Amino acid sequence: RAVRSNTSSSTTTTGEGIFGLHPINYATSPPPATCASPPPPPPKPGLSKYTFPISAVLTLGLTVYFYVNNQNDSFAYWESMQTGGIPDDDDDDDDDELDVGDNEEK
């Protein structure tokens, strides 16, 4: 069993808190001072201040250009495949080197 000490009754009458600390009375103490924000950094010298805006504009411009002017050649290929036609641009050169008739005769 824990034994109660007589210190708890004496702290409530004197207004002290735990560990002998006094509670904060905001009615009598001034509010804490607020710190001002630091000044802005100095401007960048030369072209370094224009590097990010120029690169961002160029990247955005190139992205928009290639997105708008997308001329994909595979649309004609897949359209001819879906209709059952043979693609016009058959560039498969693998079968050009096969000479079946010449190898059998020798």
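1. Buried means under 20% relative accessible area, exposed over 50%, and partly exposed in between, with a 1.4 Å probe and protein chains only. By that cut-off, buried residues make up 2% of the 106 residues in the protein chain.

2. This is a predicted model: local features need pLDDT of at least 70, side-chain atom pairs count only at pLDDT 80 or more, and totals for chains, interfaces and linings use all residues. Numbering starts from 1 along each chain as its sequence is written, and side-chain values use heavy atoms, without hydrogens or water.

3. The mean pLDDT (the predictor's confidence in each residue, from 0 to 100) is 75 for the protein chain, and 65% of the residues score at least 70. Confidence is lowest in helix 1 (residues 7-14), with a mean of 50. It is highest in helix 2 (residues 48-68), at 94. Where pLDDT is low, the predicted coordinates should not be read in detail.

4. The protein chain has four helices and zero strands. Helices (H or I, at least four residues) and strands (E, at least two) are DSSP runs, numbered from the N terminus.

5. The protein chain exposes about 11000 Å² (Shrake-Rupley method, 1.4 Å probe). Carbon and sulfur atoms supply 60% of that area.

6. The structure holds one aromatic pair. Tyr65 and Phe66 form it, edge-to-face, at 5.2 Å centre to centre and 75° between the planes. Ring centres must lie within 6.5 Å; planes under 30 degrees apart count as stacked, over 60 as edge-to-face and the rest as tilted. Tyr65 is partly exposed at 47% relative accessible area, while Phe66, at 55%, counts as exposed.

How values were computed. Rings of Phe, Tyr and Trp (its six-membered ring) pair if their centres lie within 6.5 Å; planes under 30 degrees apart count as stacked, over 60 as edge-to-face and the rest as tilted.
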